[in-house]
Structure formats: C-alpha cells, structure tokens
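Please read them with the coordinates open.

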Amino acid sequence: MRPANRTINRWSALLITAITPLIWGSTYIVTSELLPPDMPLLASAIRALPAGLILIAFSRTLPDPRWWFRLAVLGGLNIGLFFYCLFYAAYSLPGGMAALVMSSQPLVVLLMSHFLLNSPLNTRHFLAAGTGIAGIAMLVLNAQVALNGMGLLMGLLGTFSMATGLVLTKLWGRPAGMSLTGFTGWQLVFGGFMLAPVALWQEGLPATLTTDNLLGYAYLCLAGAVFAYAIWFWGIERLPAVTLSFLGFLSPLSACVFGYLILGETLSGFQLAGAMAILVSIALITLNRSESESRVKATPAHKPVQS
C-alpha cells in the first residue's frame, strides 16, 4: 500500500504544479491582445511587484538577514530578468518562435542539476528533451516565421535565467520560519523592484489605459504571478528540478489551445501530432524509473533540496 500512496502523492504534486505552465501559456495571448504595445519592462514590473506585495502582506514575514542576498538572486533570476526576457521575446518574435526558443530550458536544467544537485543523466532525459522540442516546433512554427536576432538572444537569456533560478531554489531550499507565501512574495518583490525603475526610465507610463489594458495587467498580476508562482514554488519543494523543467513544455501547448479557443485559430493534424509529442516527452520523464521510485515529500524550510 505504501508504494501506491507515494505514486498518488507524486502524481498529485505533478498535476497541481502543471497548472502553472498552463497559466503561463496565456501570457502570449494576453500580451498581444490586451496590453499596450512595446512596453515589455512595464508589463514585467506590473506583473511582479504588486503580486509580491500582496503575498508579503498575507505572510507578514521578514527574511532572515542571512537570506537577503539569496532572495535577491532568486528574485532576479526567477522573476526580474526572466520576466523581462519573456516579454521582450513575446513582443519581438512570433509567439511560436518565442516558445520554441524557451523550450530549450530542460537541457539547461539537466546539465545544471547534474553538476549542482548530483542528479543523474541518462539517454532517456535527452530523448525526452529532443521529443519535446521537436513537438513544440511542429506545434508552433510555420514557413512565414520571421526571426529577430535580439528577440532570439533575449529568449535564450530568459531560458538560462529561469533554469538557473529553478536549480538554485532546489539547492538552497527555503528560509527557516518563512512560509511558502512569503518565500514567493519576496522573490516577486525583489524582481519587481529591479524592473520598476528601469521600466519607468526607458518606457514611462502609457498615455492612456483602456479597460482591456487594465484587465490584462490584472490577469498577469493575479493569475500569472500570485496564483501561478505560489503553485510553482510549492511544486519545486516536491518534485525534481528536471521534471519541473519539462512541465514548461505545457506553456506553448496551452498558448495554442488558447489561440484556438479565443482567437479562432486552426490546428492542423501536424500541430496535433506535435502536441502529442510534447505529452510523450513529459511522460518519458515522469515515468522515469528513478523518479517513480523516489519518495515525494515537502522540503524542510531550512534545508537545501536535492532532486
């Protein structure tokens, strides 16, 4: 009975954490349809800073002084730099190309986890990564895609930033005595404070804000940051880093589904085959024998986590 319970717990954690990349997949459609054009820094700051302040208000927890630097680093990698790169890529590249560039994250996490977390590397990992990247290419690319060099560079930088933040979060764990709400909130605040001054300096504020703009910013803040990041960091404490990175493949799949449902975009048989390849890649990782036999449990707040 005990192995069955462990499996149920592991799959429960996996399914709950998968909600986050599904929400993140809506970022592309919200950015293109609701937000003011050409203001990625402002969008990043508005998504992060208010969300962090809301979570800190609920947690009412100050970090241990020894943790200020680590929280600033995690906030910069997971939130500040990543948000800016994400929005820059979303503005500069077709949504499909932006998703494809950022789909290389599992490869970065695989290598970093191997060296920093002593996670094993095997052929199945790379097969799953290749299958997922190929699936995303089938799902999102078309012959008319136009490339932007700086957009590609920022997409790759964002991929490296989030991958590094994910692995360091696993390595360092969470401060003793700090709730998950506070841990998430302080990272959002640090990231938001890094973004806000630069956003105001380089982009300023929109001349006017429409109802659609306000709805878009509210959605990104409440759903895309408060709700999604709380679940994400909860999942980081319960799942291996490599598994989490592969869940990111669900974001472009979610973006295509939203495009189909909301914008009336069509999905070809070739794209549906790509969607199936994405699901197969995630299955290859989640059904990995070494992970299925591991015990899933919450990470102690004061100890580093090993995947």
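1. Glu 237 is buried, at a relative accessible area of 8% (buried is under 20% relative accessible area, exposed over 50%, partly exposed in between, with a 1.4 Å probe and protein chains only). Salt bridges with shared partners tie Arg 174, Glu 237 and Arg 238 into one network (a salt bridge is a side-chain nitrogen of Lys or Arg within 4 Å of a carboxyl oxygen of Asp or Glu).

2. On provenance: this is a predicted model, in which local features need pLDDT of at least 70 and side-chain atom pairs pLDDT 80 or more, while totals for chains, interfaces and linings use all residues. Residues are numbered from 1 along each chain as its sequence is written, and side-chain values use heavy atoms, with hydrogens and water left out.

3. Arg 174 is buried, like Glu 237. For Glu 237 and Arg 238, the N to O distance is 3.8 Å.

4. The structure has three salt bridges, one of which joins Arg 66 and Asp 64 at 3.1 Å, N to O. Arg 66 is exposed at 71% relative accessible area, and Asp 64 is partly exposed at 28%.

5. Where does Arg 47 lie? Arg 47 belongs to helix 4 (residues 40-59) and is buried, with a relative accessible area of 1%. Its side chain has a polar atom 3.0 Å from the backbone oxygen of Gly 224 (a polar contact is a pair of N or O atoms within 3.5 Å, where within protein one must be able to donate a hydrogen and the other to accept it, and residues adjacent in sequence count only if both atoms are side-chain atoms).

Definitions and conventions
Helices (H or I, at least four residues) and strands (E, at least two) are DSSP runs, numbered from the N terminus.
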